[in-house]
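Hi everyone, thanks for coming. Please have a look at the structure on the screen, and then I'll walk you through it.

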Amino acid sequence: MTEGPDRTEVDDHAPAQREPRQSVLLSATLECFGRPGATKHRVRDLSPQGMRIEQAAGLQVGATVLVAVGQLEAVGAAIVWIKKAPRA
């Protein structure tokens with residue numbers, strides 16, 4: 001492991017620097033456009049550009065959602081990546 005900025009691969013050619021993340025444990029509610037009902041999730045970290053949530057089953061990259069964290073007003077967001085859970 002090397003020291004330096006946290007990086008993630010955006011595509012095969014251009015690494016992009018990620019914003020600093022704050023580790024948190026918050027509850028969130030997501031509503032997917034075109035799908036009835038809301039789902040509950042845990043937020044594990046936040047950055048100025050987004051958040052990492054748990055229990056992402058049923059969400060798809062590119063989906064537009066409304067996210068409400070705690071008692072804050074819901075905001076629109078796009079799902080940009082999902083890490084699939086390993087199969088047992």
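Let me begin with a term: when I say contact, or that residues touch, I mean heavy atoms within 4.5 Å. Take Val69 as an example: leaving aside residues up to four places away in sequence, Val69 touches Leu26, Ser27, Ala28, Val43 and Met51.

Some housekeeping before we go on. This is a predicted model, where local features need pLDDT of at least 70 and side-chain atom pairs count only at pLDDT 80 or more, while totals for chains, interfaces and linings use all residues. Residues are numbered from 1 along each chain as its sequence is written, and side-chain values use heavy atoms, with hydrogens and water left out.

Now the overall layout. The chain has seven strands and zero helices; helices (H or I, at least four residues) and strands (E, at least two) are DSSP runs, numbered from the N terminus. Read from the N terminus, then, the order is β-β-β-β-β-β-β. Of the contacts with a separation of 6 or more, 28% are between residues 24 or more positions apart.

What about the surface? The chain exposes about 7,400 Å², and carbon and sulfur atoms supply 52% of that; these areas come from the Shrake-Rupley method with a 1.4 Å probe, and for residues only the protein chains shown count as cover. Of the 88 residues, 14% are buried. Buried here means under 20% relative accessible area, exposed means over 50%, and partly exposed is in between (1.4 Å probe, protein chains only).

That takes us inside. Which residues form the largest nonpolar core? There are nine: Ala28, Leu30, Cys32, Val43, Leu59, Val65, Val67, Val69 and Ile79. Strands E3 and E6 are the elements that give two or more residues to this core. By nonpolar core I mean a set of buried Ala, Val, Leu, Ile, Met, Phe, Trp, Tyr and Cys residues joined through side-chain atoms within 4.5 Å. As background, nonpolar side chains tend to be buried together in soluble globular proteins.

Next, please find Ile53, in strand E5 (residues 50–53). Not counting residues up to four places away in sequence, Ile53 touches Leu30, His41, Arg42, Val43 and Leu59.

Finally, the charges. How many salt bridges does a search of the whole structure find? Four, where a salt bridge is a side-chain nitrogen of Lys or Arg within 4 Å of a carboxyl oxygen of Asp or Glu.

One of them pairs Asp45 with Arg21, with closest N and O atoms 3.6 Å apart. Asp45 sits in strand E4 (residues 39–47) and Arg21 in the loop between strand E2 (15–17) and strand E3 (22–32), so this pair ties together parts 24 residues apart in sequence. Asp45 is buried, at 8% relative accessibility, whereas Arg21 is partly exposed at 34%.

Now look at Glu54, which is partly exposed with a relative accessible area of 27%. Arg44 meets Glu54 in a salt bridge of 3.5 Å, N to O. That pair links distant parts of the chain, with Arg44 in strand E4 and Glu54 in the loop between E5 and E6, ten residues apart. Arg44 is partly exposed at 28%. Arg42 also forms a salt bridge with Glu54, the closest N and O atoms being 3.7 Å apart. Here Arg42 lies in strand E4 and Glu54 in the loop between E5 and strand E6 (64–69), so the pair ties together parts twelve residues apart in sequence.
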